[in-house]
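Try each task before reading its solution.

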Amino acid sequence: MIIGTAGHIDHGKSTLVQALTGVATDRLKEEQARGMSIELGYAYLPIGGAVADPGAILGFVDVPGHERFLHHMLAGVGGIDFVLLLVALDDGVMPQTREHLQILQLLGLQAGAVILTKRDRVDAAREAAVRAEVDALVRGTFLQDCPRFALSCRNGEGVEELRAFLLATASATPAKVARGGFRLAIDRCFTLQGVGTVVTGTAHAGQVRTGDRLVLCPGGTPVRVRSLHVHNVPAAVGAAGQRCAINIAGAHLDRQQVQRGQWLVAEELAVPTADFDFALSLLTGEEVRLRDGLPVHVHLGAENVLGRLHVLEGPTGTEPRLARLTLDRPIGALHGDRLVVRDGAGARTVGGGRVLDAEPPRRGRRTPERLAWLRACAQGGSTAALAQLATAFPDGLPLAQWQRMANLWGDTAVQQLAALPVVQAPGPLLFCATAWRATGDEVLGRLAAHHAAHPGEAGLPATELRSALRRRWSAAVFDALLQQLRSAGQLARTGAAWHLPEHRVRLSQAEQRLWARIEPLLAAGRLAPPRVDQLARQLATDEAAVRAVLDRACQTGSAWRVSDERYYLPAAITELAHTLRRLGRGGEAAQLQPLTAAAVRDEIGIGRNLVVALLEFFDRCGATRRVGDAHWLCNDPVAILEDA
Ligand SMILES: Nc1nc2c(ncn2[C@@H]2O[C@H](COP(=O)(O)OP(=O)(O)OP(=O)(O)O)[C@@H](O)[C@H]2O)c(=O)[nH]1
Ligand SMILES: [Mg+2]
């Protein structure tokens, strides 16, 4: 458990941490000279039992109370689980007591205790008055019903009770679930003699082990974990909810470029963002100051960055506002991260909230679809948001983007997705299963209408079907839909034409009569059937009529068009495909051989020009590829023809 202090300057935070842990956290010369904290202080207290077990150690983050160092306070409280809000009994509730509490509330903290300090300085009447002030302060906040301790660090009264309470609370608090990719909010970076670069911070998700490869975000520098300390003791594994000190190394690592505010993350999470959408809770009184593009300081994790605030919608009912932050520079931010927003001068807290979508689109930020997606993200998180997939991402949501939102990878992601109403398409992209089926139905409906209107046509090519959808689906995604319908037996393809499986091109009676005379001539010609003009002459018919019937026969799958002049029966083409496969694979030698016109001609004994036309036909089918004068097999020609 990580415990943070909070409260007004000089109310005794650092003194209390020292009384509890024995560690003096004000270590800077300036802090000692001025008698106040400036930077964050860290201390650890073993719970008892094995000290080497990081789970048995309480971590303390001591923050400064001075309002000028509020940005340090914000960097410190981003990763705490439990807060000690200190109120000195002589001073009572002061401005930073209120401001710190507001910040903790905005960060969504759930647990803590109020500590009334300097009891040695006041009488019972004063203590009662301050208790009443505290009652009013915490009403309606997460600290409303929390335990209170009155104590003195001067004479030690009450300190033991508090320590016992914290140890008991920590023992009763289950460890955080450390799932997903690792994330650590860096709050310090230093160089240790003989060790190298060390970063410290609170792990927000996942686990880290010696040898792991991680990335600095933003920056993108890859590093390797040399060793680590968890809660100040050497450890093999660090996990979410623990303070870690990690010794990192990397060929491109420059100590000067590692800063508080950066994250150390698993590779798949290293996607910095300069704008994100979030659920904004405003502090009372800030509403009137709100305007589009308001300059603000954004505090997220240990980061502090300038940006502009744009309200997107709301508030509606009890729901917070939806807003976008456009930052001056990219930072590491993920769905679910808490943040605090202060005014441009860094003097006032404006509000705070939770990141909903860290990879928002540039355009259409306020469309009803977009707002519905954000509302779903706010209410049910990354999984529930998928219910809005159809409208928010009609062209698919990149799988990796959703995985970053959910911080869900590997088998866990596969299992979770399998249980959800989504379809994975090439990209990989996620589609709403219902919308996916509806698009399939739309395609089937369009084809049914086409068949009814044009019974003599084989069907429609994929490109035409896709452009009719008026959606920006890629050819690959649309093809996946068609293939799925085909596997399900709902769709078939002849040549390039997609059609309903039961659809047959019907030749008119006149066409059928002519085809019945053409077919035997093609069959007799076998691997060298007559040209169109020769057929017309032999049958004493118009050449255009012969060509029209041949084209129609191609649509029904009864013939193949090899060139403008030459049509083959399927049996002959299949025979050629077998021959080319055998020759191209090098026969017994089993080594790819070039298919030159001469070699093929020698094998099948037909004219050179015809062989050239056939090889070009197989090129077009995708079975062979021309390189110089030769053609090389690149796919199985027999399989390709069967598939077509
Ligand atoms: N009499 C009395 N003095 C105390 C007690 N606790 C702290 N002090 C004194 O109060 C002064 C401020 O204490 P700190 O612990 O530095 O206060 P802080 O809250 O850490 O202050 P910042 O970090 O600067 O916000 C010091 O001089 C302490 O000795 C107490 O219980 N009784
Ligand atoms: Mg202090």
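A polar contact here is a pair of N or O atoms within 3.5 Å. Keep in mind that the model is predicted.

**Exercise 1. The surroundings of ligand 1**

Task: Find the residues that surround ligand 1, then look for polar side-chain atoms beside its oxygen and nitrogen atoms.

Solution: 
- Step 1. Start with the shell: 18 residues surround ligand 1, and the closest are Thr15, Ser37, Gly65, Asp120 and Cys153.
- Step 2. Turn to the oxygen atoms of the ligand. Threonine 15 places a polar side-chain atom 2.4 Å from an oxygen atom of ligand 1, and a side-chain N or O atom of lysine 118 is 3.0 Å from an oxygen atom of ligand 1.
- Step 3. For nitrogen, look at aspartate 120: a polar atom of its side chain lies 2.8 Å from a nitrogen atom of ligand 1.
- Step 4. Finish with the area. Ligand 1 taken alone exposes 640 Å², of which the protein buries 86%.

**Exercise 2. Histidine 310**

Task: Is histidine 310 buried or exposed, and which residues is it in contact with, beyond its neighbours within four places in sequence?

Solution: 
- Step 1. Locate histidine 310 in strand E18, which covers residues 303-313.
- Step 2. Its relative accessible area is 13%, and buried means under 20%, so histidine 310 is buried.
- Step 3. Leaving out those sequence neighbours, histidine 310 is in contact with Asp292, Gly293, Ala323, Arg324, Thr326, Arg365 and Arg366.
- Step 4. Pick out threonine 326: its side chain and that of histidine 310 are joined by a polar contact of 3.3 Å.

Notes. Residues are numbered from 1 along each chain as its sequence is written. Chains are lettered from A and ligands numbered from 1 in the order in which they are written. This is a predicted model: local features need pLDDT of at least 70, side-chain atom pairs count only at pLDDT 80 or more; totals for chains, interfaces and linings use all residues. Side-chain values use heavy atoms; hydrogens and water are left out. A residue is near a molecule or strand if one of its heavy atoms lies within 4 Å of it. A polar contact is a pair of N or O atoms within 3.5 Å; within protein, one must be able to donate a hydrogen and the other to accept it, and residues adjacent in sequence count only if both atoms are side-chain atoms. Accessible areas come from the Shrake-Rupley method with a 1.4 Å probe; for residues, only the protein chains shown count as cover. Helices (H or I, at least four residues) and strands (E, at least two) are DSSP runs, numbered from the N terminus. Buried means under 20% relative accessible area, exposed over 50%, partly exposed in between (1.4 Å probe, protein chains only). Contact means heavy atoms within 4.5 Å.
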